Amino acid sequence: MREFFHYFFGEGTEIEFEIFTLNHLWPILVGAAVIFAIWYFRDKLAACKNEHRFRYAIGFTMIISEMAYYWRLVGIPELEKSPQANLPIAVCGWLVIFGCFMIVGKNQYLFDICYFWALCGTVFALLTPTVLTYAGPTRFRFYQFWTEHLIGYVGIFYLIFVHKMRPNFKSLV
């Protein structure tokens, strides 16, 4: 069992992931299906008395997906990576952090920031996920990467479809 966890949470040495293969496209299709389901059930979600629980679940998933990467680095000393060297300085990491506060508080200001960061910045991470070269679907990093990057879109489209939030011209500036 120890070997499995060492393998699953560790880093590979051989190329396991290639761009525009099935391993690249199926997570994007799953994310699109979740967003479609939010659109399809938008009226039921908006009318649900426990709607806030859906928002909290999305926000919780955002934070856990971001933190899971660092927990992995701290928990496996063989990776020889310092968590301090991998702080969330990329657009994707900040999108998830801001997105958590955005969806929990239905904050229009954070929605404006996250909307443009997601549609202008993190779309490149979805199209060319080079950090996954040595992490295919048999590795934890594969699932953490896709969850972290797609949950931001789920949160943004949840607020667009269910709460009718829209970016305005002022937010473009």
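**View 1. Arg 72 and the backbone of Phe 9.** In this predicted model, a polar atom of the Arg 72 side chain lies 2.7 Å from the backbone oxygen of Phe 9; a polar contact is a pair of N or O atoms within 3.5 Å, where, within protein, one must be able to donate a hydrogen and the other to accept it, and residues adjacent in sequence count only if both atoms are side-chain atoms. Arg 72 is placed in helix α4, residues 51–75 (helices are DSSP runs of H or I with at least four residues, numbered from the N terminus). Although Arg 72 is buried, it has no salt bridge, and Glu 11, the nearest side chain of opposite charge, is 4.0 Å away. Here buried means under 20% relative accessible area, exposed over 50%, and partly exposed in between, with a 1.4 Å probe and protein chains only, while a salt bridge is a side-chain nitrogen of Lys or Arg within 4 Å of a carboxyl oxygen of Asp or Glu.

**View 2. The salt bridge between Glu 16 and Arg 139.** One of the two salt bridges in the structure joins Glu 16 to Arg 139, with 3.1 Å between the closest N and O atoms. Because Glu 16 lies in the loop between α1 and α2 and Arg 139 in the loop between α6 and α7, the pair ties together parts that are 123 residues apart in sequence. Glu 16 is partly exposed, at a relative accessible area of 23%, whereas Arg 139 counts as buried at 6%.

**View 3. The salt bridge between Arg 55 and Glu 51.** Within helix α4, Arg 55 and Glu 51 are four residues apart and thus separated by about one helical turn, and the closest N and O atoms of their salt bridge are 3.1 Å apart. Arg 55 counts as buried at 6% relative accessibility, and Glu 51 counts as buried at 8%.

**View 4. The largest nonpolar core.** This core holds 35 residues, of which Met 102, Phe 111, Trp 146, Ile 156 and Tyr 158 touch the most other members; a nonpolar core is a set of buried Ala, Val, Leu, Ile, Met, Phe, Trp, Tyr and Cys residues joined through side-chain atoms within 4.5 Å. Helix α7 gives the largest share of this core, 13 residues.

**Notes on all views.** Residues are numbered from 1 along each chain as its sequence is written, and side-chain values use heavy atoms, with hydrogens and water left out. Local features need pLDDT of at least 70 and side-chain atom pairs count only at pLDDT 80 or more, whereas totals for chains, interfaces and linings use all residues.

Technical notes: Helix = DSSP H or I, 4+ residues; strand = E, 2+ residues; numbered from the N terminus. Lys, Arg positive; Asp, Glu negative; His and termini not counted.
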